[in-house]
Amino acid sequence: MKKYLSVFKISFAQEFAYRLSFVMWRVRNVMQIVLVFFLWDSVFSGTQKIIFGYDKAKIITYVFGLIIVRAFVLSARAQDVAGEIQRGEIVNLLLKPVSYFKYWITRDISSKALNLLFATCEWVILYLILKPEFFFQKDPVSLGGFFLLVALAMFIFFVLIFIVSAITFWMPEAGWGMQFLIIVVAVEFLSGGLFPLDILPSAIQKILYLTPFPYLIFFPLQAYLGKISGLLLIKGIIVSAFWALTLWLLMKTIWYRGLKVYNSPGK
Amino acid sequence: MFVVYLAKVEKAIIVDHLVKNFEVTERKPGLIGAFENIVSPKKKIARALKDVSFTVAKGELVGFIGPNGAGKTTTLKILAGLLFPTAGVTQVLGFDPWERKTEFLKRISLVMGQKNQLWWDLPAIETFELNRAIYEIPKKAYKESLEELVTLLEVEKLLNIQVRRLSLGQRMRLELIAALLHTPEILFFDEPTLGLDLVAQEKIRNFIYDYNRKHEATILLTSHNMNDLINLARRVIVIDEGKIIFDGILDELIARFAKEKIIKLTLSKEMDLKELEKIGKVKKIQFPEVVINVPRSTAAVAAAELLQSFPIADLTIEEENIEDIIRKVFRGETRKAFRK
């Protein structure tokens with residue numbers, strides 16, 4: 001376990017190595033949120049009080065909740081894995097008595113801890129400036145379900161990245177493109193990272209619920225907002241756990257095979 | 001009456017009928033070619049190792065040589081557990097490398113001249129600390145090991161400087177430390193002196209020599225640098241096109257195939273160069289520099305004669321290029337194979 005504590009520490013130090021780009025990244029995050037906030041704020045400034053089943057407080061909560069949940073779920077250091085495989089740098093870790101998967105999950109957690117720290121500060125500042133109508137969930141079951149779902153979502157996203165990165169073993173050039181497709185198109189769009197999924201036609205929603213994507217962002221936020229509770233919440237947690245387990249097993253199989261065909265390029 | 005005592009030689013590395021094939025996609029150049037690659041990629045099997053067998057005893061230092069693409073690095077990578085062998089048996093310290101057991105990984109190291117494990121944006125000491133944790137090196141052993149390595153490689157002042165600010169030679173020495181902190185019993189070196197200046201090469205070489213002695217470490221080393229081999233390895237294994245074509249004492253290899261030495265002269269004044277033809281084969285004249293090849297056995301005599309009868313400012317006797325010798329090895333072996 002001590003190994004991974006050291007990995008955590010060095011990752012943290014690494015994150016601060018490029019201070020300017022770190023600051024720029026945070027600025028971008030804030031800008032994104034501010035833009036989305038003003039968009040929805042102006043939508044609700046009309047006469048309509050409820051749109052797509054969201055009143056102003058809840059849509060604003062959804063948007064602000066996005067900051068935190070995205071910071072947790074979609075900020076994965078493991079996005080470097082495909083590049084490591086392609087450049088052959090993965091051998092540095094394969095040579096060491098350390099689990100590659102656990103190594104990256106540790107780096108991920110370290111990156112997330114940092115991200116959360118800053119996201120929380122930004123959240124507080126934005127809250128004080130914009131003074132939005134915000135919905136605070138007080139029901140412990142909804143809150144507990146929310147945290148559990150976020151934890152599962154982090155794991156699912158992490159495993160997804162590992163699965164997609166493994167494609168690089170077979171197609172060294174495809175890694176980056178595939179990652180772009182999965183992360184930017186699939187995840188951002190299908191997970192509710194850009195807008196609440198229940199504004200989509202119900203047929204599309206039904207299809208979406210057959211994939212792991214809604215469980216990354218949309219579903220946890222629905223649990224927070226109390227839109228999903230009781231049996232539906234429990235069912236959602238079970239489905240999310242099912243995806244986590246299935247994808248994890250799939251990842252293990254793919255990596256076992258990938259490492260066998262790997263030709264360790266670079267020299 | 002005889003009492004036969006059989007010393008059991010402990011084998012650190014066993015390679016038996018090792019085969020490794022790679023699947024490679026053929027690339028066609030240009031835009032249309034790139035498109036064709038996507039639509040119908042042409043796969044081809046490259047046979048990197050055809051049938052490789054050898055063993056290395058504990059504490060031995062073996063040079064592993066051959067032309068580019070012969071299969072040296074592939075063999076090292078299989079032995080270090082990075083590549084999955086297509087067929088054959090490999091055993092290192094009794095382990096199957098591919099399983100990459102913790103106990104195995106703690107006892108080996110692979111140093112590649114072109115690979116870096118140091119964290120680019122951080123001082124090297126951070127990587128060392130990380131390795132201490134990963135290899136679970138006890139604090140005391142780590143301190144001793146680090147102190148020894150740092151002194152030997154003269155890098156005291158570099159430990160706290162961001163790695164990206166260091167020169168290649170400085171970085172290589174720190175890479176070596178990172179790879180050796182856990183005092184591995186088995187070391188695989190892939191071109192350890194590649195791209196280094198002569199002083200740095202010498203340092204690394206001395207270091208490898210001492211490490212081998214001090215820790216009774218088993219070392220397998222690939223190099224294109226003749227000096228690495230002359231100074232370090234007694235035994236060499238020559239590999240070409242995925243097959244072993246020589247396995248024995250280095251002197252034997254050189255005696256058998258390096259028939260000539262190279263004498264390089266700097267003349268102090270102009271003279272009739274015809275006279276030089278009598279000494280040996282004149283390979284290059286570019287006044288005042290002259291290069292002459294002479295038979296190995298008469299190199300000393302030839303040098304003495306040159307110094308006596310010619311106006312010479314400087315004279316050096318050099319070994320033939322390792323590549324030349326290896327090329328001869330190939331030719332010799334091919335001929336022998338035909339005779340059989």
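Analyst: **Helix 4 of chain B and its setting**

Chain B contains 11 helices and 13 strands; helices here are DSSP runs of H or I with at least four residues, strands are DSSP runs of E with at least two, and both are numbered from the N terminus. This is a predicted model, in which local features need pLDDT of at least 70 and side-chain atom pairs count only at pLDDT 80 or more, while totals for chains, interfaces and linings use all residues. Residues are numbered from 1 along each chain as its sequence is written, and chains are lettered from A and ligands numbered from 1 in the order in which they are written.

Some figures for the whole chain come before the close look. Along the principal axes, the C-alpha atoms of chain B fill a box of roughly 80 × 70 × 55 Å. Chain B has 340 residues, and 38% of them count as buried. A residue is buried if 20 or more other C-beta atoms lie within 10 Å of its own, exposed if 12 or fewer do, and partly exposed in between, with C-beta atoms placed from the backbone. Among contacts in chain B with a separation of 6 or more, 71% are between residues 24 or more positions apart; a contact means that the C-beta atoms of two residues, placed from the backbone, lie within 7 Å.

Now the helix itself. In helix 4 of chain B, eight of the 11 residues are buried, so this helix is largely enclosed by the rest of the structure. The buried residues are B:Ala124, B:Glu126, B:Thr127, B:Phe128, B:Leu130, B:Asn131, B:Arg132 and B:Ile134. Their cover includes helix 5 (139-153) and helix 6 (168-180) of chain B, together with helix 1 of chain A. Just after helix 4 of chain B, B:Glu136 takes a positive phi of about 50°.

The crossing of helix 1 of chain A with helix 4 of chain B is left-handed, a term used if the near helix is turned anticlockwise from the far one by less than a right angle, and right-handed if clockwise.

On the chain A side, the residues that meet helix 4 of chain B are A:Lys2, A:Lys3, A:Ser6, A:Val7, A:Ile10 and A:Ala13; they face B:Glu126, B:Glu129, B:Leu130, B:Ala133 and B:Ile134. By class, this contact of helix 1 of chain A with helix 4 of chain B has six nonpolar, one polar and four charged residues. Ala, Val, Leu, Ile, Met, Phe, Trp, Tyr, Cys and Pro count as nonpolar, Asp, Glu, Lys and Arg as charged, and the others, Gly among them, as polar. An α-helix has 3.6 residues a turn, so residues three or four places apart point the same way.

In total, 25 residues of chain B are in contact with 20 residues of chain A. On the chain B side, the elements giving two or more residues are helix 2 (72-79), helix 3 (102-105), strand 5 (108-112) and helix 4 of chain B. Helix 4 of chain B gives the most, with five residues. The chain B side that touches chain A divides into 14 nonpolar, four polar and seven charged residues.

Helix 2 of chain B, another contributor, is mostly covered, with eight of its eight residues buried. Among them are B:Lys72, B:Leu76 and B:Ile78. Just after helix 2 of chain B, B:Gly81 takes a positive phi of about 85°.

Strand 1 (residues 11-26) of chain B runs antiparallel to strand 2 (residues 42-57) of chain B, joined by 12 bridges; two strands pair if DSSP finds at least two bridges between them. Strand 1 of chain B also pairs with strand 4 (residues 87-92) of chain B, in the antiparallel sense over five bridges. B:Val24 stands opposite B:Lys44 in strand 2 of chain B, and B:Ile13 stands opposite B:Val92 in strand 4 of chain B.
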